[in-house]
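Please read the points below with the sequence and the model side by side.

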Amino acid sequence: MGDSYLTSCIKQFEYYKSLGDKTFEQLSFAELKTEFEDDSNSIAIIVKHIVGNMLSRWTNFLTEDGEKTWRERDNEFIDTFETKEALTTYWNKGWDCLFNAIKPLTEEDLDSIVYIRNQGHTVTEAINRQMMHYAYHIGQIVFIGKLIKGDSWKSLSIPKGKSSDYNKNKFSKDKAKQHFTDDL
């Protein structure tokens, strides 16, 4: 059961990363820095926050509190990226930290206790907490990207009006056990 959970988590995290990657591909650096209202977050700021969180949570994941003393969370909401390449490099650094922490885990690790701000979580709970946090923010990234691009946005899911075609294709195949991201 635990190996299935870990495999599923890794695939799910890879999926969320891909949504961010595909959004960045559609946007210019200026668009990544767009804020719709004063004190709203641009995609660049959301990326800085997600990565700050990842580096804090996943560095020495099993042995240190997930809220590191070196983390400066408030600074994550100040855009300091100077190029699109710097933003994507930082994005990848966060994901590398996450995957380097999760991929070696075993089923036996899942009930171990880790701490975030002195609150104990099982490894399973900590993974779920972070996955939902990243899904929340990556949803924001995709939505902002869609708002910026308007009619030129390339859908990252089933485009409007295409559900019947998508389902027809899916139901034309034999039933099979697979992760929903296997054929993306």
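1. A residue is called buried when its relative accessible area is under 20%, exposed when it is over 50%, and partly exposed in between, with a 1.4 Å probe and protein chains only. Helices (H or I, at least four residues) and strands (E, at least two) are DSSP runs, numbered from the N terminus.

2. This is a predicted model, in which local features need pLDDT of at least 70 and side-chain atom pairs count only at pLDDT 80 or more, while totals for chains, interfaces and linings use all residues. Residues are numbered from 1 along each chain as its sequence is written, and side-chain values use heavy atoms, with hydrogens and water left out.

3. The protein contains six helices and two strands, arranged along the sequence as α-α-α-α-β-β-α-α. Its C-alpha trace spans about 50 × 50 × 25 Å along the principal axes, and 41% of its 184 residues count as buried.

4. An α-helix has 3.6 residues a turn, so residues three or four places apart point the same way.

5. Arg57, in helix H3 (residues 43–58), counts as buried because its relative accessibility is 5%. Its side chain makes a polar contact with that of Glu67 at 2.7 Å, where a polar contact is a pair of N or O atoms within 3.5 Å, one able to donate a hydrogen and the other to accept it, and residues adjacent in sequence count only if both atoms are side-chain atoms. Beyond its neighbours within four places in sequence, Arg57 is in contact (heavy atoms within 4.5 Å) with residues including Arg71, Arg117, Arg129 and Tyr134.
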